[in-house]
Amino acid sequence: MRLVIARCSVDYAGRLTAHLPSAPRLILVKADGSVSIHADDRAYKPLNWMSPPCTLKQADGVWTVVNKAGEKLIITMEEVMHDSSHELGVDPGLIKDGVEAHLQELLADRIETLGTGYSLIRREYPTAIGPVDILCRDGDGGTIAVEIKRRGEIDGVEQLTRYLDLLNRDPHLAPVKGVFAAQEIKPQARVLATDRGIGCVVLDYDALRGIEDDKLRLF
């Protein structure tokens, strides 16, 4: 990763035009080719950016970033105050918290929770973009990919969608259907999952652990 702190102005030309007047800013150039410009506020959100794939050309104090659609990000450098590069290596990825990891383990041991005749293929099934929480077969022998969250939101559905796209390219697995499983599933996530043909399952953590609810229930 390259970190540059510079007084600069920025112009974007593409689907719309935008201009950032001269000011001190942080410019991040990542190994994937992405370039983003940050101010000292707005938390993580950049003022402007160009996502990969894109190319960066530097000439006479002007950086020009162009993506495959021909959109341009032009950064005019006035004063460079810091310029350093750092090798971060391969990121190990997000490690699930204790509850999500335990939910995965419990559901793998009790895979029939998803339906009669379900059988486990394996946990953490590898793909090119990360492991699928659980890969299993349903009662008809079809392949099912399961993404597990403590709280099911839209980003989890998007993640499972990307896994399904890859898994369905494997003729030994296809067709692969998806199941989004969580202790709580947000309404928007459920709507998106349903629209994409992904099933939703609400997991009862205590029931999976074999803990009986001692509260009175009205049936």
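Contact here means heavy atoms within 4.5 Å. The model is a predicted one, so to speak of local features takes pLDDT of at least 70 and side-chain atom pairs count only at pLDDT 80 or more, while totals for chains, interfaces and linings use all residues. Residues are numbered from 1 along each chain as its sequence is written, and side-chain values use heavy atoms, with hydrogens and water left out.

Start with Ser 84, which sits in strand β7; strands are DSSP runs of E, at least two residues, and helices are runs of H or I, at least four, both numbered from the N terminus. Leaving aside residues up to four places away in sequence, Ser 84 touches Met 1, Arg 2 and Leu 3. Ser 84 is buried at 15% relative accessible area, where buried means under 20%, exposed over 50% and partly exposed in between (1.4 Å probe, protein chains only).

His 82 also lies in β7, which spans residues 72–85, but is partly exposed at 36%. His 82 and Val 4 are 78 residues apart in sequence, yet their C-alpha atoms are 5.4 Å apart.

The side chain of Ser 84 makes polar contacts with the side chains of His 82 (2.8 Å) and His 86 (2.9 Å). Such a contact is a pair of N or O atoms within 3.5 Å; within protein, one must be able to donate a hydrogen and the other to accept it, and residues adjacent in sequence count only if both atoms are side-chain atoms.
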